[in-house]
Amino acid sequence: MNTIHVNVVSAEESIFSGEARFVALPGESGELGIFPRHTPLITRIKPGSVRIEMADGSEEFIFVAGGILEVQPDRVTVLSDTAIRGKDLDEEKSNAAKTLAEETLRNAKSDFDLAHAQSELAVLAAQLSALRRFRGNK
């Protein structure tokens, strides 16, 4: 069976390292699907879910808050400031952070504050979507 080695790394730690049959993630221009022997590629990724189909057919979900993807024919590397395993996502914390970001957005005093709040809100919306996707696949 053909597999590709996948590494997902956050600023704090290695989140995942293993063999996979397929990887799907949110590319900057749309959803990307990667099989073994994929053409080399480097691109930015948007906040969302990385879905890894393992060699045994099981799936691993990881939320990433954007980052960089490097694809080589024999490996996939996802580098993200923030990456959280699907099983570790906390809906209550995410909803509380989203409420805070919405409040910050309403009270933004400068263009910088507005842009920062919008960015944070987009990441949190993607995180909540990833959480729903993870729970739907359990």
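## Aromatic pair

The structure holds 1 aromatic pair. It is formed by phenylalanine 22 and phenylalanine 35, whose ring centres lie 4.6 Å apart with 45 degrees between the planes, a tilted arrangement. The model under discussion is a predicted one.

The pair links distant parts of the chain, its two members being 13 residues apart. Phenylalanine 22 belongs to strand S2 (residues 14-27), whereas phenylalanine 35 is located in the loop between strand S3 (30-34) and strand S4 (41-54). Phenylalanine 22 has a relative accessible area of 14% and is therefore classed as buried, the limit being under 20%.

## Nonpolar surface patch

A nonpolar patch on the surface is made up of Ile42, Ile68 and Leu79, which together have about 280 Å² of accessible area.

One of these residues, isoleucine 68, is part of strand S5 (residues 59-72). Isoleucine 68 is partly exposed, because its relative accessible area is 35%, between the limits of 20% and 50%.

Serine 80 is situated in the loop between strand S6 (75-79) and strand S7 (83-85). With a relative accessibility of 5%, serine 80 counts as buried.

The side chain of serine 80 reaches the backbone oxygen of threonine 82 at 2.7 Å. Leaving aside residues up to four places away in sequence, serine 80 touches Val9, Ser10 and Ala11, together with Val64, Ala65, Gly66 and Gly67.

Notes:
Residues are numbered from 1 along each chain as its sequence is written. This is a predicted model: local features need pLDDT of at least 70, side-chain atom pairs count only at pLDDT 80 or more; totals for chains, interfaces and linings use all residues. Side-chain values use heavy atoms; hydrogens and water are left out. Rings of Phe, Tyr and Trp (its six-membered ring) pair if their centres lie within 6.5 Å; planes under 30 degrees apart count as stacked, over 60 as edge-to-face and the rest as tilted. Helices (H or I, at least four residues) and strands (E, at least two) are DSSP runs, numbered from the N terminus. Buried means under 20% relative accessible area, exposed over 50%, partly exposed in between (1.4 Å probe, protein chains only). Patches are made of residues with over 30% relative accessible area and no salt bridge: like charges are joined within 9 Å, nonpolar side chains (Val, Leu, Ile, Met, Phe, Trp, Tyr) within 5 Å. Accessible areas come from the Shrake-Rupley method with a 1.4 Å probe; for residues, only the protein chains shown count as cover. A salt bridge is a side-chain nitrogen of Lys or Arg within 4 Å of a carboxyl oxygen of Asp or Glu. A polar contact is a pair of N or O atoms within 3.5 Å; within protein, one must be able to donate a hydrogen and the other to accept it, and residues adjacent in sequence count only if both atoms are side-chain atoms. Contact means heavy atoms within 4.5 Å.
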